[in-house]
Amino acid sequence: MDTLTHALSGALLARATAPEDAPPRSLPRRIAAGFFACAAPDLDFVVSFAGPVEYLANHRGVTHSLVLLPLWALAFSWVLAKILREPRGWRALYGVTALGLALHIAGDVITSYGTMVLAPLSDWRAQIGTTFIIDLWFSGIIVAGLAASAVLRRSRWPAVAASAVLAGYVGFQYLQKERALEFGGRHARALGLGGATVDAQPRPVSPFNWTVFVSDAEAHRFAHVNLNRTEPRSYRPGDGFIAMLDWVYEPVSAAHWETRTRFGEGATKALAQEAWNSPEMAVYRWFADLPAFDGTSAGPTCVWFIDLRFYTPGRATQPFRYGACRDAPEAAWRLVPP
């Protein structure tokens, strides 16, 4: 999730879980604590100043850890008590701070990036992949709940209802992912790819928009589909940004399958495999779930890869494109960002 949506969801949860007998003046402090606590794990953006490779290896790491959550809650509740001038001290904010941190972790787990929930004990990344990183429906439910809570400020039930709707929406997205996986499985069987893996990644604008992948050791076959659409949509310049992002997702019955190889073809393939398997690419191999060859460049010799989890039609550039470069055939490879 984007940081603002995280923060707003923390405020919503803080209001929904506020005790009925809480002192009236404590409520704004509780909501503010939920807001800031739920945004706090993204402070790990400072790692980006050390470089994009370090960011790739450490983002959504120790600040997103369930193992360290009790310690982070203690630290943040103490700081927030000072900032918000909570007369009862950090203990009054510890519970809502811990809830906010936990909600942030949950909000990241439902996206495709992956979250190291057991850091620093393990670099395993939990990911459910039901929700696109910026989901206007998801954010809209939160904003509606907060607006209703502001109007009916004496009652926590608008926030409770919005939280329930939000959980139901994520459950609905999970069901759509299952439908997308079933579609991918049918295509794999039709191609006779019994050993292929099937994946589905959420896409922007609609919970019905998915990119479905059928992958084997050589290539990824994928289709951009809308699970609810019966007729293709057209797009003309001037239709708007949302329409530009949305029109490429075709009905399942009209799905157009594309292919991207893992290492290219012909003479390039051996070079790409060597680059991919080099020690310098270890961080990217760990990160990329759907890696694909994305060309070569000269100067030094560079072989480029993208992670198709983040391949979104309509974007001018694709994120998480990294290369392995070397200055001569006998030289060592080095990992470089675009």
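Biologist: In which loop is the place of P120?

Modeller: This is a predicted model, in which local features need pLDDT of at least 70 and side-chain atom pairs count only at pLDDT 80 or more, whereas totals for chains, interfaces and linings use all residues. Residues are numbered from 1 along each chain as its sequence is written, and side-chain values use heavy atoms, with hydrogens and water left out. Helices (H or I, at least four residues) and strands (E, at least two) are DSSP runs, numbered from the N terminus. In these terms, P120 has its place in the loop between α5 (91-109) and α6.

Biologist: What is omega for the peptide bond that joins A119 and P120?

Modeller: Most residues other than glycine have a negative phi, and most peptide bonds are trans. The bond that joins A119 and P120 is cis. Its omega is about 0 degrees.

Biologist: R60 has a positive phi although it is not a glycine; is R60 buried or exposed?

Modeller: The phi of R60 is about 60 degrees, and the residue is found in the loop between α3 and α4 (69-84). Buried means under 20% relative accessible area, exposed over 50% and partly exposed in between, with a 1.4 Å probe and protein chains only. With a relative accessible area of 3%, R60 is buried.

Biologist: R85 has a positive phi as well; is R85 buried or exposed?

Modeller: R85 lies in the loop between α4 and α5, and its phi is about 55 degrees although it is not a glycine. Its relative accessible area is 72%, so R85 is exposed.

Biologist: Which residue does R125 meet in a salt bridge at 3.6 Å, N to O?

Modeller: A salt bridge is a side-chain nitrogen of Lys or Arg within 4 Å of a carboxyl oxygen of Asp or Glu, and the structure holds 16 of them. In the one at 3.6 Å, N to O, the side chain of R125 meets that of D289. Because R125 lies in the loop between α5 and α6 and D289 in the loop between α10 and β6 (291-297), the pair ties together parts that are 164 residues apart in sequence.

Biologist: How far apart are the closest N and O atoms of R326 and E274?

Modeller: The two residues form a salt bridge, their closest N and O atoms being 2.7 Å apart. R326 lies in strand β8 and E274 in helix α9, so the pair ties together parts that are 52 residues apart in sequence. R326 is buried, with a relative accessible area of 8%, whereas E274 counts as partly exposed at 40%.

Biologist: Which residues are linked with R309 in a network of salt bridges?

Modeller: R309 forms a salt bridge with D289, the closest N and O atoms being 3.4 Å apart. That pair links distant parts of the chain, with R309 in the loop between β7 and β8 and D289 in the loop between α10 and β6, 20 residues apart. R309 counts as buried at 1% relative accessibility. Linked with R309 in the network are R125, D289 and D307.

Biologist: Which residues make the nonpolar surface patch of about 510 Å²?

Modeller: Patch members have over 30% relative accessible area and no salt bridge, like charges being joined within 9 Å and nonpolar side chains (Val, Leu, Ile, Met, Phe, Trp, Tyr) within 5 Å. One member, L136, is found in helix α6 (residues 136-151) and is exposed, with a relative accessible area of 60%. The patch is made by I133, I134, L136, F241 and I242.

How values were computed. Areas by Shrake-Rupley, 256 points an atom, 1.4 Å probe, with all protein chains shown as cover.
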